Amino acid sequence: MKSFNNFLLFFIVFSIIGCKKSIVNEMEINSNWTFKKEKDTVWRTAEVPGTVHTDLLSNNIIENPFYRLNEHDVQWVDKSNWIYQSTFPITKDLLTKEQIEMEFEGIDTYGKIYLNNKEILTTDNMFRRYKVDVKSILKEGDNTLKVVLESPITKGIEKYDAIDYQIEVSDNDLAEIGKVEGKKKVSVFSRKAGYHFGWDWGPRLVTSGIWRPVVLRSWDNFKIDDVFIRQQIAKDSASLSASVEINSHKEIENSIVEISVNDSIVTSKEFNLKPGQNKFTIPFSIRNPKLWWPNGMGEQYLYNIEVKARHKNHSDSKVNRVGLRTIELKREKDSIGSSFYFTVNGIPTFMKGANYIPQDIFLPRVKSSNYQHILNSAKDANMNMIRVWGGGVYENKEFYDLCDEMGLLVWQDFMFACAMYPGDDAYLESVKQEAIDNVKRLRNHTSIALWCGNNEVLSAWERWGWKQKVTKEQSEKAANTTWKSYTDIFHKVLPEVVEQYDSDRKYWASSPSSELGVPESHTDGDAHYWGVWWGKEPFSNYNVKIPRFMSEFGFQSFPELATVNKYTIPEDHDIFSEVMKSHQRSSIGNGTIKEYMLRHYKQPKDFESFLYVSHLLQAYGITTGIEAHRKNRYRCMGSLYWQINDCWPVASWSSIDYYGKWKALHYGVKKAFEKTIISFDDKESSDFVAIYIATDALKNFSGQLKVKLLNFDGTELNTWNKDIQVTANSSASYLLISKEDLKKYSNGFKDVFLSASFSTNNETNCSNEHFLNPFKELELPNPELSYDISENETEYIVSLQTKNLAIGVFASGNFDENFSDNYFNMLPNSEKTIRVKKGNISSIEAFKKELKVVSLVDSYNTEL
């Protein structure tokens, strides 16, 4: 039935040819696919787009590699060659078209492609789109397309052995788990997603496949290949231009190119087309433009800009949705060093966000709903920037469309991370074409803010000891060759592509770095601070290690129990079991979580409690960092934590687990990234607790700051009130409280805390709590939590009440959906209502049975 429906669609689409008005016709070749291992005789059904692993799964040849230790049993897959084949029909009418091309939007990675038994293409770069003229090869009736995918491991070993020096690669290439000959780290030799070879949060599953669509495209006369919309914004007018590339089959005089904005023609030009590529630029303007703003700063208005080329009864058009805005990266000398911040529409903008990795190890499994969920979660958490990290992929169009719509600026890495790379001519040319392809594909997206050459490659060479290691263990010549490859890629090829194809945006060679070729510092450029976690430094160091722009920092947690149950059995429920260790790829992972946990919290009483407290710990650490960055915005103008999402179920730095469940961290960053926040500064070296307000509001505002010293049953011990005016787009300390004064009310601060709020017009604008001792030293009473449950058509509603202070209130169960709030503190004698969509729970009785509500006390008190 699927095959018949696809053929019917194919017939309808190409019946358009019978009309006089000719447009470019497209058909996706996505049915009738089969596959087999090269030397096998049995063909099995396949999905395209897809991967070998997912096809093996659907044919019950392998078991789910995410479950328990199954990943280790499928390492044979990447050592084999695989063949994919499909037949598709071609009509006689289609063959009359003057031009017919086939485009492969994504081949992973080494492919030899045959059409009707004739080789038409060889591929070696997962990130490129390949187009080939197939008119002379197609025939009426059934046509056969065959794709032979060669083993990326076999090809990698060939390239590894072909050079006379070794290229440094981080231990994220899990060659030992991959059972690679000689444990050779071959990931860098292929232009393929680095995370497929493993990472310190991901499995080793080196895929092959036709991972993006195969499209057959036909037309007469001419086709618009590309349109690039450039803009300059003035107060009352936006000056734009459309750089247009038209591919013409013949010489055509007096063709017309029209530009429409929101369906109204704004300009029209006449051109003569010559055979082949035609390039020209057409200026136009928009009066009184509506500006596009990042999330939280204003509307994300997008204009529909259509470029249409026509001649007599032939036409083609392309439409782009474009937001009008200016974005600049400011690099200016100052008393500290050099600034690193973005202005949007002329306004200095603090970037609040996270690093993003691919959402699945098997990329075609990522659905529209997954993109919607992760990016909506980013928007809901008050973010305005996402960094697309360099060890994954250049994402699908839908990802960037959603970022455009949601006001999420994109820091876009090129796909290089944590390794040195080859620099031979063929490799450099492949990188160049990859960069051209993706810059041209993405440059019309309003959300793209910055092109960045790589992730941590400069740091690895200069700061991780790689340069010294290569010089000592190999030779100075090998070190020079390695460094030349670096500069060729990141100081020449990539910046030249950006300058030629998207010169209005900045290029930054390496994250982190201070300047071109200069390693990171906290006085210039951007920084990745990993003293917390890798260096075992205390969370309080976030208040000291303040860079100009924090583009990475992070701390791990486990997923919640409902997620852990999806990849374990009860016998695995120990953080040091083989399964739990296998779903933890950091070399210091589970032990480091435990070490930090016991610095701040009491020993959890059981496995489930350990998972829960790991969430509180992660949220506490990272929000400490975010608040430190925002308090010090005179110095630091960006806070992007590592990482928002996962690519499989695992203990990691993510704030949202593989199944889309928000951890405590995501709820925490939602609050820490609010437009206006209160933050406490309680350095041991200071005699005062300072209360800061940081705001991204674009206008000054006034209100009342109120700080209370409370004990855990709500008794008010002292209050500090102050009427203040908050300066727009700033941070400052507005109140100092003497620690000596506080000591008058408590012996050791084990039974008191500070509660601060800021109100405007008698409405609370923001609030926060501060504990003067580690959580493990607090003498917390039973909060005496209670709750009532009700429902409406779409949600279950939980109304909570507490008598005493409740820390980290967590509502859980086997729910697919996230609660409106979770892992929150409740002040003594307070109430709070949270909601959750009904999702997989069909009745209120089932919800009541499944729901569990705990707070911090429950994690260690066995009597509750």
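**Figure 1. Lys 472 in helix H8.** Lys 472 belongs to helix H8, residues 466–473; helices (H or I, at least four residues) and strands (E, at least two) are DSSP runs, numbered from the N terminus. The relative accessible area of Lys 472 is 75%, so the residue is classed as exposed. Exposed means over 50% relative accessible area, buried under 20%, and partly exposed in between, with a 1.4 Å probe and protein chains only. Between Lys 472 and Glu 245 there are 227 residues of sequence separation and a C-alpha to C-alpha distance of 51 Å. The model is predicted: local features need pLDDT of at least 70, side-chain atom pairs count only at pLDDT 80 or more, and totals for chains, interfaces and linings use all residues. Residues are numbered from 1 along each chain as its sequence is written, and side-chain values use heavy atoms, with hydrogens and water left out.

**Figure 2. The whole chain, for orientation.** The chain contains 16 helices and 43 strands. Its C-alpha trace spans about 90 × 65 × 65 Å along the principal axes. The radius of gyration is 29 Å, which agrees with the value near 29 Å for a compact globule of 864 residues; the radius is taken over C-alpha atoms, and the globule rule is 2.2 Å times the number of residues to the power 0.38. Buried residues make up 61% of the 864. Among contacts (heavy atoms within 4.5 Å) with a separation of 6 or more, 71% are between residues 24 or more positions apart. The mean positions of the 104 positive and 115 negative charges lie 3 Å apart. Lys and Arg count as positive and Asp and Glu as negative, while His and the chain ends are not counted; the charge is placed at NZ of Lys, CZ of Arg, CG of Asp or CD of Glu.

**Figure 3. Glu 101 and its polar contact with Arg 217.** Glu 101 sits in strand S5, which covers residues 99–104. Glu 101 is buried because its relative accessible area is 11%. The side chains of Glu 101 and Arg 217 are joined by a polar contact of 2.6 Å. A polar contact is a pair of N or O atoms within 3.5 Å; within protein, one must be able to donate a hydrogen and the other to accept it, and residues adjacent in sequence count only if both atoms are side-chain atoms. Leaving out residues up to four places away in sequence, Glu 101 touches residues including Lys 131, Asp 133, Trp 219 and Lys 223.

**Figure 4. His 666 in helix H14.** Helix H14 spans residues 664–672 and includes His 666. The relative accessible area of His 666 is 0%, so His 666 is buried. Apart from residues up to four places away in sequence, its contacts include Ser 377, Ala 378, Met 383, Tyr 641 and Ile 656.

**Figure 5. Two cis peptide bonds.** The bond from Asp 108 to Thr 109 is cis, with omega near -10°. Thr 109 is in the loop between strand S6 (107–108) and strand S7 (110–115). The bond from Trp 642 to Gln 643 is also cis, with omega near 10°. Gln 643 lies in the loop between strand S30 (638–641) and H14.

Figure 6. Asn 262 is not a glycine, and its phi is positive, near 50°. The residue is in the loop between strand S15 (252–261) and strand S16 (264–273). Asn 262 counts as partly exposed because its relative accessibility is 30%. Glu 456, also not a glycine, has a positive phi of about 65°. Glu 456 occupies the loop between strand S26 (448–452) and helix H7 (457–463). With a relative accessible area of 11%, Glu 456 is buried.

Figure 7. Seven of the ten residues of helix H5 (residues 397–406) are buried, among them Phe 399, Tyr 400, Leu 402 and Met 406.

**Figure 8. Thr 727 in a loop between strands.** Thr 727 is in the loop between strand S34 (716–726) and strand S35 (730–738). Its relative accessibility is 42%, so Thr 727 counts as partly exposed. Thr 727 and Thr 695 are 32 residues apart in sequence, with their C-alpha atoms 8.1 Å apart. Not counting residues up to four places away in sequence, Thr 727 touches Thr 695, Asn 700 and Tyr 734.
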